[in-house]
Amino acid sequence: YVVPFLGGQCGECNEDADCADTTGGGCTPPNPFETSGSVCNMGEVGGGCESTDVCQDGLSCGNVLDLLGLIQINTCGECATDADCDMGLICAPVVSVMDFSGVNTCIEPNSLAQDSFCNLEGNGNDACMSGICSTIDIMGLAQIGACGACNTDADCPGNGTCAPGAFDLDTAALSGSTCQ
């Protein structure tokens, strides 16, 4: 299983079709930050997928992290859009970058803590406690979101300065922006 820019690891599968005869689920990609390979899953919540067909009943396959369309985490989750959630809840990707996993789940608005992954393209601001899904630049190649305190100096009280968040490729540590 090859993860672009990060290399390949031996495992049980490269795609969902490799798992059809064994588990009926999808292919969970390897964690490039560890030495474990890809594994076939049962289509459970958080199990890797290429389509909803391999997810258990009531779950849908959705993208929880996308870096340039090359590095993607797609998993079975309880929602694909806010409309899939009960009134008042929003559908948001809850991602553990270090574990190279995540799931789209229904959460209370403004419930993700500082440094949590958030969706820049969607409802990230609504998901973060701070109300700000800050932009994290990864070596000029891609941008992801992390709940933070600011996107510009104007978001900081007084004459504060916005210190951008960061993503450490070696440790997979994600940190949101802060006011200084």
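The model is predicted, so local features need pLDDT of at least 70 and side-chain atom pairs count only at pLDDT 80 or more, while totals for chains, interfaces and linings use all residues. Residues are numbered from 1 along each chain as its sequence is written, and side-chain values use heavy atoms, with hydrogens and water left out.

**Disulfides**
- A search of the whole structure finds 10 disulfides, each a pair of cysteine sulfur atoms within 2.5 Å.
- One of them joins C13 to C27, with an S to S distance of 2.1 Å, and with 85° about the S-S bond this link is right-handed.
- C55 and C76 are also bonded, their sulfur atoms 2.1 Å apart, and the torsion of about -85° makes this disulfide left-handed.
- C13 and C27 are both buried, as are C55 and C76, where buried means under 20% relative accessible area and exposed over 50%, with partly exposed in between (1.4 Å probe, protein chains only).
- The sulfur of C10 lies 12 Å from the closest cysteine sulfur, in C13, which is too far for a bond, and C10 is exposed, with a relative accessible area of 76%.

**Surroundings of S38**
- S38 is buried, with a relative accessible area of 1%, and its side chain reaches the backbone oxygen of C13 at 2.6 Å; a polar contact is a pair of N or O atoms within 3.5 Å, and within protein one must be able to donate a hydrogen and the other to accept it, residues adjacent in sequence counting only if both atoms are side-chain atoms.
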